[in-house]
Amino acid sequence: MSITIYYLSATGNSLHAAKKLAEKLSLSETNVSLYSIPDIIKETAITPKGSIGLVLPLHFFALPILVEEFLSKLDLSQTSYVFAVITCGFHYISNAFHELKQIIENRHGKLHAAFYVDMVSIYLPLNDLPPRSKMLKRLLSADDKLDSIAEKISSHQTVSAHEYFNLISKIIHSRYNSHPEKLDEQFSLSGNCSDCGLCAKICPRANIIIEAGSPKWLHSCTQCLACLHICPEKSIELGIRTKGRKRYHHPDIGLKDLFSKRFV
C-alpha cells in the first residue's frame, strides 16, 4: 500500500516530522512519498489515492493559511485513510483539528487520525527560544512520540486529538486571516543585509523579492517567520520584540531542504 505525505515547513520542524514518519512507515508500506505543499499548490486539482498524511505547523491556534488554500484543491474521494500531524510549541489552545475535520469532510474524505507533536515554538514575537539543552530534550521527546505515531498510522488506528478553547482560538485565527495583506507590514531590517537572497528562497509564499540589495515583502505573507529565522545576519525583525532573540531551524534539517523547488 502507498502513503502520500504532504507537508508545510518553515524552519524544519514539520519537515523533520514528515521525514521521520516516512522513514518509519516505509518499513511496513511499499511506497511512501513526500510532497512540499508550496511546491504543488499551484496544481489545479490534486486527487491522491490510498492513505494520505498531512504534516504541518500550528499557525495562530489553527491551520496555516497556505494549508487551507491547499486543502481547497484536494479531492479525497479515493482515499482510504487520512491522518494529520501538527507540530507546535503548545497545542492545547487550538481549533486546528476541528477545522481540518470539517474541511476534509467537505473534500469527500474522513480524518481518521489526528496527532499533536510539541516541538519548539518559533514565534519570536511572543517568546524567545528556550536554552539549547531544553530545546534538544524537547526534540528528542518529539522523536519518541513520532515513533509511536508511526506505529498507530501503520495499523490504521483511529485517533482523536484533544483541543481546548476552540472558540477563542477560532476568533484569534479569524482576526489574522481577515487581513492577510497586513501580516508583513511590521517586518523590518535592524542591521546590514548581505544580499544573500536566502529569505526569498525560503519563503513558502514567494512573498519576498530582493530589491536594491534588501528584501521587499509583497503583502502575501503567512507570518511563518522562515525569513526571520534563516537570515544569517539576524537583521530581519518582526515588530520590536524579536530584536536580540535567538534564531532557529531544526538541527537535523539542512537549509536547502527548506527552499522552494524553483531555487533548487
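## Exercise 1: A helix and its surroundings

Helix α1 covers residues 13-25, which makes 13 residues, and it reaches 18 Å from its first C-alpha to its last, close to the 18 Å expected at 1.5 Å a residue. Keep in mind that this is a predicted model.

**Task.** Work out how many of the 13 residues of α1 are buried, and what that says about the helix.

**Solution.** 
- Step 1: Go along the helix and pick out the buried residues: N13, S14, L15, H16, A17, A18, K20, L21, A22 and L25.
- Step 2: That makes ten of the 13, so α1 is largely enclosed by the rest of the structure.

## Exercise 2: Charged pairs on the helix

**Task.** Find which side chains form salt bridges with K19, with K20 and with K24.

**Solution.** 
- Step 1: Start with the total, which is seven salt bridges in the whole structure.
- Step 2: Take K19, whose side chain meets that of D257 at 3.5 Å, N to O. D257 sits in the segment after β9 (236-238) while K19 is in helix α1, so this pair ties together parts that are 238 residues apart in sequence.
- Step 3: Check how open this pair is. D257 is partly exposed at 37% relative accessibility, and K19 is partly exposed at 37% too.
- Step 4: Move on to K20, which has a salt bridge to D147 at 3.5 Å, N to O. Since D147 lies in helix α5 and K20 in helix α1, the link spans 127 residues in sequence. K20 is buried, with a relative accessible area of 16%, whereas D147 is partly exposed at 23%.
- Step 5: Finish with K24, which also bridges to D147, with the closest N and O atoms 3.7 Å apart. Shared partners join K20, K24 and D147 into one network.

## Exercise 3: A buried charge

**Task.** D184 is buried: what is the nearest side chain of opposite charge, and how far away is it?

**Solution.** 
- Step 1: Locate D184 in the loop between α6 (166-177) and β6 (187-189).
- Step 2: Look for an opposite charge. The nearest such side chain is R205, 9.5 Å away. A salt bridge needs the atoms to be within 4 Å, and D184 has no salt bridge.
- Step 3: Look for another polar partner. The side chains of D184 and N207 are joined by a polar contact of 3.1 Å.
- Step 4: Beyond four places in sequence, D184 touches N207, W217, L218, H219, S220 and C221.

## Exercise 4: A hairpin

**Task.** Describe how β7 and β8 pair, and which residues of β8 are on its covered face.

**Solution.** 
- Step 1: The two strands run antiparallel and share four bridges. E211 stands opposite S214 in β8.
- Step 2: Remember that side chains in a regular strand alternate between the two faces of the sheet. In β8 (214-217), P215 and W217 make up the covered face, and S214 and K216 the uncovered one.
- Step 3: Check the turn. The hairpin has two residues between its strands, and A212 takes a positive phi near 55°. Most residues other than glycine have a negative phi.
- Step 4: Compare another case: A206, in the loop between α7 (198-202) and β7 (208-211), has a positive phi of about 50° although it is not a glycine.

Note on methods. Residues numbered from 1 in each chain as written. Predicted model: local features only at pLDDT ≥ 70, side-chain atom pairs only at ≥ 80, totals over all residues. Heavy atoms only, no water. Buried < 20%, exposed > 50% of the residue type's maximum accessible area, 1.4 Å probe, protein only. Lys, Arg positive; Asp, Glu negative; His and termini not counted. Polar contact = N/O pair within 3.5 Å; in protein donor to acceptor, adjacent residues only side chain to side chain. Contact = heavy atoms within 4.5 Å. Pairing = 2+ DSSP bridges. Expected span 1.5 Å × (residues − 1).
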